[in-house]
Structures are given as structure tokens and as C-alpha cells.
Amino acid sequence: MGIGSLQRCPTDTGSVQLSSQELTWGTPGRCPLCGVVTDHHWFYEVKSVEYDESREWVVDEMVGSQGEVLVSRCMSRACDALALWLKSVDEESGIENVRLVYPQTGVRIPPTEGLVGKEIRLYEEAAAVEKMSPRAARALLRALLEAFLKRYLADAGHSAKRKKLVEVIDLAVERLDLSPTLKMGLSAIREQGNTALHDPYSLIEDANPEDLLWLFQAVDELVEELHVRPQKWADLAGTKDDDEPL
Ligand SMILES: [Zn+2]
């Protein structure tokens, strides 16, 4: 799956697929370490040199019982980080699979602007545990949503300190003019986060991993709607300040 937060099939408007933002082998994409979208050096053969039984130096491929080790390197000069991959072949189907095994830093990158330090850490932490513990990721996204909305409401002069998250969301929709569609996404984060915390056994660990991507997407769109878009439009409108209104 490639990069891009939202992909809509042109022939089926009811089917929307979300990308996990995870880098896939052999195609340009988001570096798992620095987050830059770039091409990478792909090392299709990784070899070592070792003694064989006759004490001769021989070239040996990095192949073990689990598969073959491959390596890529980020082409961003500031990063230059290596990533390690494991190539294996499914015995039944014969299909080749190359999966990223290091670094496991998470499959989503926080929005580049709009979140502050502690909120960014919650986002990164949720992304880092997404595969290992989807329940923990849901609880962290819920905490992030609450922190972000309360900060924004406070900045806009509306105290939400002692309010429950359900009230905070209602207040944000009312006072910060959030769209009804986005409200549904935020409510989903609240409900699934609550379930993860208070009724964790009802959430099956790896059921519907796509659902979790949609919750991340709701956070991304919240930041876009409250911060990125207004800032951008204000900047663009500001360039015309000296002109006579037409
Ligand atoms: Zn990088």
C-alpha cells in the first residue's frame, strides 16, 4: 500500500480505503525514521563473507530459516538511516512477502503542524503500539483528542476543564464550528477509547485494523480543520491587505 491518507476508488464511491502510511519495499515512501517522503536505496542482495568448512573465505547470503534479510537506506542526507526487512515466501501460495522489521516506530506520522509537544508524543505513542496493542492505541488517541480539544477551547476563551469528553466534543462543535461529519469521527474516537479502557475484552485485538486507521484519520482531519486550513487561508487573505476591497 502506498502513501496517501485517503484513496477513493473512482468506480465505487462507497468504498474508501485508508493507507497505513507504512513504507513498502521497493517504492518511494515515508521513511520510518525521519518521516520524509523520499526514494530509498534498496539493497536487493545483502551478503556476508565467512569461513566455510575448508577454512576458505566464501560469500554467504543473509538467508536464515525465517527468510532473507534485505536493507534499505533513506536518501534524505539529514537522516541516512538504515531499515531492515525480511523477505519470505509463503510455502502454499508461493507469494513473496517483504516486511519491515526495523525500525518499528509506528505506521503513522503526526501532522507536521498544529499539535504541541505532549500531543505529538501521544500521537507517536499510539502509532508505535498500533500493531502490538490496538486497544492501547485507541486509549491514547482518546487522551490526545481530549488534550487537543481542551487546549483549543481554552485558547478560544471557553473553559472545558471539568467537562467530560462527550461535553467537550459538543462544546467544540458548537463554539469552534466543527463539521458534523468530523463530529462523528471524534465521537468514534471517544467511544472506542472508552471501550478500550473500561471494557477491553469486547475489543478483539486484531479485528478490523482498518478501523484504527480511520481514528487516526479523524485526528488528522481535526488538526487540519482547526489549525492548518484557517492558518493557510488567513495567510493567503493577508497578502491582499493593502489592496482596496473589490
Ligand atoms: Zn529518513
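A: Let us begin with a definition: a residue is buried if 20 or more other C-beta atoms lie within 10 Å of its own, exposed if 12 or fewer do, and partly exposed in between, with the C-beta atoms placed from the backbone. By that count, buried residues make up 24% of the 246 residues in this protein. The model is a predicted one, in which local features need pLDDT of at least 70 and side-chain atom pairs count only at pLDDT 80 or more, while totals for chains, interfaces and linings use all residues. Residues are numbered from 1 along each chain as its sequence is written.

Q: How many helices and strands does the protein have?
A: Helices (H or I, at least four residues) and strands (E, at least two) are DSSP runs, numbered from the N terminus. Here the secondary structure comes to five helices and eleven strands.

Q: Which strands pair with β9?
A: Two strands are said to pair if DSSP finds at least two bridges between them. A hairpin connects β8 to β9 through two residues. Finally, β9 pairs with strand β10, residues 82-89, again in the antiparallel sense, over six bridges, and Leu-70 has Trp-85 in β10 as its bridge partner.

Q: Where is Val-46, and which residues does Val-46 touch?
A: Two residues are in contact if their C-beta atoms, placed from the backbone, lie within 7 Å. Val-46 sits in the loop between β5 (40-43) and β6 (47-51), and touches Met-62, Val-69, Leu-70 and Val-71, when residues up to four places away in sequence are not counted. With 15 other C-beta atoms within 10 Å, Val-46 is partly exposed.

Q: What span should helix α1 have, and where do its buried residues fall?
A: The expected span of a helix is 1.5 Å times one less than its number of residues. For the twelve residues of α1 (residues 117-128) that gives 16 Å, and the end C-alpha atoms are 16 Å apart, which agrees. The buried residues of α1 are Glu-119, Leu-122, Tyr-123, Ala-126 and Ala-127. Seen down the axis of α1, these fall within an arc of 130°, so they line one face of the helix; the arc is that of the directions from the helix axis to the C-beta atoms.

Q: Which residues of α3 are buried, and which are exposed on the face turned away?
A: An α-helix has 3.6 residues a turn, so residues three or four places apart point the same way. In α3 the buried residues are Leu-165, Val-168, Ile-169 and Ala-172. Seen down the axis of α3, they fall within an arc of 100°, so they line one face of the helix. Glu-167 and Glu-174 are exposed residues on the face turned away from that buried side. What covers the buried residues of α3 includes α2 and α4.

Q: Which residues of the largest nonpolar core touch the most other members?
A: In soluble globular proteins, nonpolar side chains tend to be buried together. A nonpolar core is a set of buried Ala, Val, Leu, Ile, Met, Phe, Trp, Tyr and Cys residues joined through C-beta atoms within 7 Å. The largest one here has 31 residues, of which Ala-126, Leu-141, Leu-144, Leu-145 and Val-219 touch the most other members. The elements that give two or more residues to this core are α1, α2 (134-155), α3 (165-175), α4 (180-198) and α5 (209-238), and α2 gives the most, with nine residues. Val-219 touches Tyr-123, Leu-141, Leu-144 and Leu-145, leaving aside residues up to four places away in sequence.

Q: Is Asp-220 buried or exposed?
A: Asp-220, which is placed in helix α5, counts as buried because 20 C-beta neighbours lie inside 10 Å.
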